[in-house]
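Hello,

Here is the structure you were waiting for. My notes follow below it.

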Amino acid sequence: MFGKKKDKPQIDKEQLELIQNAQRRIKQKKRLYTHFVIFLIGSVLLIAANIGLGIGKEIRPFDQDWFVFVVILWLVLLVYHFINVFVFNKFMGKDWEQNQLDKLVAEQKIRIEKIKSELKKEAPHIAESEVYNEELKAKTKHSELTIIAAAGENDAIGKDNQLVWNLADDMKRFKELTSGHHIIMGRKTFESFPKPLPNRTHVVISRQDDYQVPEGVIKVNSLEAALDIAENDSQPFIIGGGEIYELSMEYADKIELTRVHADFEADTFFPKIDKTVWKEIENTFHKKDSEHAYEFSFITYIKK
Ligand SMILES: NC(=O)c1ccc[n+]([C@@H]2O[C@H](COP(=O)([O-])OP(=O)(O)OC[C@H]3O[C@@H](n4cnc5c(N)ncnc54)[C@H](OP(=O)(O)O)[C@@H]3O)[C@@H](O)[C@H]2O)c1
């Protein structure tokens with residue numbers, strides 16, 4: 001009550017422009033309406049003057065009363081007025097629209113410039129952190145996914161869900177390399193074992209939801225799920241068979257291959273090793289002897 005300040009009007013410049021435009025518009029429409037009313041009255045008066053009072057009765061262009069032409073002319077003017085108000089003169093007027101558009105464009109330009117300069121400042125930091133992340137990833141990638149397999153010269157690896165050779169040193173090496181690690185295999189390879197191998201975590205891949213595995217064996221339904229299970233293992237092994245080797249080639253970092261130097265009749269094969277992708281880094285030849293019916297080589301490949 002006492003000393004209460006009057007609130008200042010909270011209308012900004014743009015709102016004011018809007019109000020002024022609206023007022024202009026109302027005036028335009030009022031003028032059109034007035035024109036229409038005057039036209040109606042004027043026309044009646046003209047008709048009355050001509051026909052009723054006989055003013056200019058003798059003036060008959062094209063054999064018509066003169067008021068006909070005057071009324072038509074006036075009607076044309078009224079239509080022009082109408083078109084002018086509703087068609088050519090849009091609600092806010094072209095100038096106003098253009099003005100708003102220019103303002104908007106100018107504001108956007110300023111914002112773009114601001115973003116650009118912020119980006120310039122940020123770019124080195126972003127690049128730095130990307131490099132850092134890459135390095136970190138390389139440092140922290142402690143897992144070396146390794147395919148381990150024995151294959152004949154013709155890539156044969158098995159027949160009737162069994163191996164087609166018995167090489168003691170190959171078995172020994174398999175045991176040495178895989179002990180303490182995850183061994184990932186297809187359901188068929190798992191079934192080719194009489195029982196799970198000691199001291200290794202078995203991860204068996206099968207599409208069957210209800211496939212039962214003994215206690216301690218992990219069953220998954222995809223290779224990706226198997227790799228997730230083994231992610232903390234420094235060297236998980238893919239141990240076969242043919243289907244799972246095929247799937248794993250793109251994920252693996254290393255192949256420990258025992259190349260048995262003979263051709264074998266088989267129903268399962270190791271995928272071709274693409275020499276443009278894989279580089280041989282070790283090769284140890286093993287002769288035939290009383291425990292080994294074939295010559296073979298331990299070959300290590302790493303992904304280039
Ligand atoms: N020489 C060697 O080094 C070596 C090593 C291991 C095995 N082998 C031999 O290889 C042969 C077995 O190999 P294999 O190719 O027939 O079978 P496998 O690869 O051991 O297992 C195939 C099974 O794995 C599951 N599987 C495959 N792809 C899958 C996917 N994308 N998602 C989910 N599950 C998938 C399916 O199980 P479900 O049917 O249950 O869905 C499929 O039947 C045997 O002869 C074995 O002795 C040789």
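In what sense do strand 9 and strand 10 pair, and over how many bridges? They are antiparallel, with 8 bridges between strand 9 (residues 278–286) and strand 10. One example: E282 has T300 of strand 10 as its bridge partner.

Two notes on the source. This is a predicted model, where local features need pLDDT of at least 70, side-chain atom pairs count only at pLDDT 80 or more, and totals for chains, interfaces and linings use all residues. Residue numbers start from 1 along each chain as its sequence is written.

Strand 10 (residues 296–303) also pairs with strand 7 (residues 254–260), antiparallel over 7 bridges. There, R259 is bridged to S297. Pairing here requires at least two DSSP bridges between the strands. The chain has 7 helices and 10 strands. These are DSSP runs numbered from the N terminus: helices are H or I, at least four residues, and strands are E, at least two.

Now the core. The largest nonpolar core holds 31 residues, and I147, I184 and I238 are among those with the most contacts inside it. Strand 1 (residues 146–152) supplies the largest share, 5 residues. Such a core is a set of buried Ala, Val, Leu, Ile, Met, Phe, Trp, Tyr and Cys residues joined through C-beta atoms within 7 Å. Buried means 20 or more other C-beta atoms within 10 Å of the residue's own, with C-beta atoms placed from the backbone. By that count, 16% of the 304 residues are buried.

Finally, the extent. The C-alpha atoms fill a box of roughly 140 × 70 × 40 Å along the principal axes.

Best wishes

Terms used: A residue is buried if 20 or more other C-beta atoms lie within 10 Å of its own, exposed if 12 or fewer, and partly exposed in between; C-beta atoms are placed from the backbone.
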